[in-house]
Amino acid sequence: MAEITSQLTDDEIDEGAAPEQPFAPLAAFDRVEMSLQEKLARTQEQLERAESALEAAKASGAQGTTAARAELDAVLAENERLKAMAASAGSSERLAEFRYIDPSRIEDGLPPDRFDVAYSAEEIAGLAENIRQRGQDLAILVRPKPGSSPGEAYEIAAGKRRLAACRLLGITVLARVRELSDEGMLAARFSENHHREDLSAFERARYFALTMERTGLNGSELATIYGVDKSLISHLLKLTRIPDAVIRSFRNPRSVSFRKARELLDVLLRDPTAEDRIVRALRDLAQRVASGDAAAQEAEEISTALAAARRQAPAPRLGRRAAARPIYLGRRQVATVSQRDGRWQVRFDSLISEELVERLSDRLPSILEDLENELQRTTRVA
């Protein structure tokens, strides 16, 4: 691969000439591999040149004053952004870990953690536009590829969407380069996604299963690496028993909650012939949605799948509502449970510690299972 030059041409930084388009030198910087310190130093030089260019334009009465001012404002904003990132890095030793790297040098060797819909062209284009306008404020995490020469290749641990967006823009990606073990890579990938609201139960289950398959680690070992209760992994792994044909039939499998996924699994375990009915029902729903059927567009996929599995007619989807239920600890309200568009949300008081919320989220699968078993026993007695 040809090396990318770390020098801009004289034409690109000529302080006496108005740029053909605002921010052209900044765009050139975005395509040059360098460390964060180097980029900050070069942008400081660019700031001085932009200030001189504006003064020269004002003195000569040139028509390029507006463009020169826009260039100065852009360089100033970029300089402040880079200084803020440098300050957040802390010590100079940590700052040295940050580099702008050509995305083509970065590979992904970890098990997939998201469905393809999370990397759709539309989603990546939206993120790319945000980075184009505001810059990349959060670095991805990579390690040098084992066995490669220094600076030759890297492996990504966290930040795949940001990497894809920078690839789309054709610019270098800000990365934190650290020496990570295989376990460290897994822990970083898991930590990035574990508490994301849009990471579905199916995706978590698949990630755990593929990680165990590729590494040979068991559930207890993964729980230690990830710092979670092993029951979380155990409960999610049960979802891998749902046939791939069923999961692929969902237009958006990420919308299926853990509770509904377990409900679907229970039906499939009791009646294996339900698989064909589910696949047919979901394909029919997708065709009706594509044809513009208003009723189909309002239908909920998981409700359609469960109804087909049970040989029932799909229940009509409830309209938008926001029923809220407070949760108290003694006399103090600590959380609110609300339902909107058929999905439940829990919002905790800001005084509740993050550690407490994390522990609750880790134990929630086992709590839900106990409550479901209790409900089933009560139903049978009744």
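This is a predicted model: local features need pLDDT of at least 70, side-chain atom pairs count only at pLDDT 80 or more; totals for chains, interfaces and linings use all residues.

Visitor: Why is R31 called partly exposed?
Guide: Its relative accessibility is 39%. Buried requires under 20% and exposed over 50%, so R31 at 39% counts as partly exposed. R31 sits in the loop that links α1 (24–29) with β1 (34–35). In C-alpha terms R31 is 9.7 Å from L169, although 138 residues separate R31 and L169 in sequence.

Visitor: Why is L360 partly exposed?
Guide: L360 has a relative accessible area of 33%. That value falls between the limits of 20% and 50%, so L360 is partly exposed. L360 belongs to helix α16.

Visitor: What makes the nonpolar surface patch, and which residues are in it?
Guide: I327, V346, F348, L360, L364, I367 and L371 make a nonpolar patch of about 540 Å². Membership calls for over 30% relative accessible area; L360, at 33%, is over that cut-off.

Visitor: Which elements supply at least two residues each of the nonpolar patch?
Guide: They are β9 (343–348) and α16 (354–381). The largest share, four residues, comes from α16.

Visitor: How do you know that β1 and β2 pair?
Guide: Pairing needs at least two bridges between the strands. Two bridges join β1 to β2 (residues 98–101), so β1 and β2 count as paired. They run antiparallel, and S35 is placed opposite R99 of β2.

Visitor: What makes β2 and β6 a pair?
Guide: Four bridges connect β2 with β6 (residues 173–177), again in the antiparallel sense. The cut-off is at least two bridges, so β2 and β6 qualify as a pair. Within this pairing, F98 has R176 in β6 as its bridge partner.

Visitor: How many cavities of 30 Å³ or more are counted?
Guide: The count is two.

Visitor: What makes a residue part of the lining, and which residues line the second largest cavity?
Guide: A lining residue has an atom within 4 Å of a point of the cavity. For the second largest cavity, the lining consists of F258, R259, R262, P365, L368, E369 and E372.

Visitor: Which helices each supply at least two residues of that lining?
Guide: α12 (258–270) and α16 do. With four residues, α16 gives the most to the lining of the second largest cavity; α16 also provides the largest share of the nonpolar patch.

Key. Residues are numbered from 1 along each chain as its sequence is written. Side-chain values use heavy atoms; hydrogens and water are left out. Buried means under 20% relative accessible area, exposed over 50%, partly exposed in between (1.4 Å probe, protein chains only). Patches are made of residues with over 30% relative accessible area and no salt bridge: like charges are joined within 9 Å, nonpolar side chains (Val, Leu, Ile, Met, Phe, Trp, Tyr) within 5 Å. Accessible areas come from the Shrake-Rupley method with a 1.4 Å probe; for residues, only the protein chains shown count as cover. A salt bridge is a side-chain nitrogen of Lys or Arg within 4 Å of a carboxyl oxygen of Asp or Glu. On a 1 Å grid over the protein atoms alone, a cavity is a set of points where a 1.4 Å probe fits but cannot get out, and a pocket is an open set with protein on both sides within 12 Å along at least five of seven lines; lining residues have an atom within 4 Å of a point. Grid points are joined across faces, edges and corners, and a volume is the space filled by probe spheres set on the points.
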